[in-house]
Amino acid sequence: MAKQAIHKVLTSQNLSIGYPSKKGNKEIANNIEVELHKGELVCLVGRNGIGKSTLLRTLSKMQPRLVGDIYLENKNIDEFSRIDLAKIISLVLTERIPSSNLTVYELIALGRQPYTNWIGKLLQEDLDHILDAIKQSHLTELMHERCDKLSDGQLQRAMICRALAQNTNLIILDEPTAHLDVQHKIETFRLLKKIAHELNRAILISTHEIQLATQIADTLWLMTEENIISGKPSELIESDQINLLFDSNAIYFDKESKQFIMQ
């Protein structure tokens, strides 16, 4: 990918993540030092239970960090109010939205909440962002449909569109393709890459779709018990570091076929 001027959206320094408790902190990972840039699709991969969701929640300040610092736009994350933070980071989490009578348009319009006044009045600028997000996400024909009538793939696209309408430099998604079939998984990855490249956003997703991630991501964050290894998919494949995803020697990444093979 030919990058535009490199623009760091997020960095971490000596970051430790985990859970505080009365008996002391339960640390999941430490000394995490990562960077996110505009115009880049980053896929966070790792074994089940390694701490991917905890890392995403910590980077977005949904969960307190144990040690270290996180910077957004070169400013410590602690200096942001909740509203100001929502103007830089938008989130798409794994939780399904409750059944409601919301239309697709109304769901997407919720992305403008950080910018509207206390009665939620949408100004022309808000309306422009909503309609532009709908167009970018190819949801024009569905905008007046009720959300509870959508397929899983359509609903996930609407959730991504809501994040896009929020107009943030960074979009973080936790397992965005978890409930989708193969076609919708591929379409979702392609949409996210398009948003990153054409709209110059930084996009970070955690995923178990390792095969897709190696084909589509600009950068992989490979989370192990020791650290996070960051690099282009081709670099992690060539160095055999991609095989750290598995405990067992029964599975390995075949460089020639570019697929994971059971031996």
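This is a predicted model: local features need pLDDT of at least 70, side-chain atom pairs count only at pLDDT 80 or more; totals for chains, interfaces and linings use all residues.

User: What is the order of the strands in the open sheet?

Analyst: Six strands make up the sheet, in the order β7-β8-β9-β4-β10-β11. The pairing is mixed.

User: What makes β7 and β11 the edge strands?

Analyst: Each of them pairs on one side only. β7 covers 89-92 and β11 covers 228-231. From one strand to the next, the twist averages 15°.

User: How do you know that β4 and β10 pair?

Analyst: Pairing takes at least two bridges between the strands. Five bridges join β4, residues 40-46, to β10, residues 219-223. The count meets the cut-off, so the two are called paired. They run parallel. Within this pair, C43 stands opposite L220 of β10.

User: What makes β1 and β2 a pair?

Analyst: The cut-off of at least two bridges applies again. β1 (residues 8-19) and β2 (residues 26-32) are joined by four bridges, and they run antiparallel. I17 stands opposite A29 in β2. The two strands form a hairpin, with six residues between them. In the turn, G24 has a positive phi of about 115°.

User: Why is α1 called mostly covered?

Analyst: Buried means under 20% relative accessible area. Six of the eight residues of α1 are buried, hence the label. These are K52, T54, L55, L56, T58 and L59. Just after this helix, K61 takes a positive phi of about 65°.

User: How do you know that the span of α6 is close to the one expected?

Analyst: The helix has 17 residues. At 1.5 Å a residue, the expected span is 24 Å. From the first C-alpha to the last, α6 reaches 24 Å.

User: Why are the buried residues of α6 said to line one face?

Analyst: The buried residues are K185, T188, F189, L191, L192, I195 and A196. Seen down the helix axis, they fall within an arc of 160°, so they line one face of α6. The face turned away from that side carries the exposed residues V182, R190 and E198. Elements that cover the buried residues of α6 include β4, α4, α5, β8, β9 and α7.

User: Why is K185 called buried?

Analyst: Its relative accessibility is 13%. The cut-off for buried is under 20%, so K185 qualifies. K185 is found in α6. Leaving aside neighbours within four places in sequence, K185 is in contact with T177, A178, L180, E209 and L212. L212 and K185 are 27 residues apart in sequence, but 8.6 Å apart in space, C-alpha to C-alpha.

User: What makes D126 buried?

Analyst: D126 has a relative accessible area of 4%. That is under 20%, so D126 counts as buried. D126 is found in helix α4. Beyond its neighbours within four places in sequence, D126 is in contact with R112, Y115, T116 and K121.

User: How do you know that T214 is buried?

Analyst: The value for T214 is 11% relative accessibility. T214 sits in helix α7. Not counting residues up to four places away in sequence, T214 touches L220, P233, I237, I242 and F253.

User: What is the phi of H138 and of N167?

Analyst: H138 has a positive phi of about 55°, although it is not a glycine. N167 is also a residue other than glycine, and its phi is positive, near 60°.

Definitions and conventions. Residues are numbered from 1 along each chain as its sequence is written. Side-chain values use heavy atoms; hydrogens and water are left out. Axes are lines fitted to C-alpha atoms, for helices over the stretch in contact, and angles run from 0 to 180 degrees between N-to-C directions. Buried means under 20% relative accessible area, exposed over 50%, partly exposed in between (1.4 Å probe, protein chains only). Contact means heavy atoms within 4.5 Å. The expected span of a helix is 1.5 Å times one less than its number of residues. The arc is that of the directions from the helix axis to the C-beta atoms.
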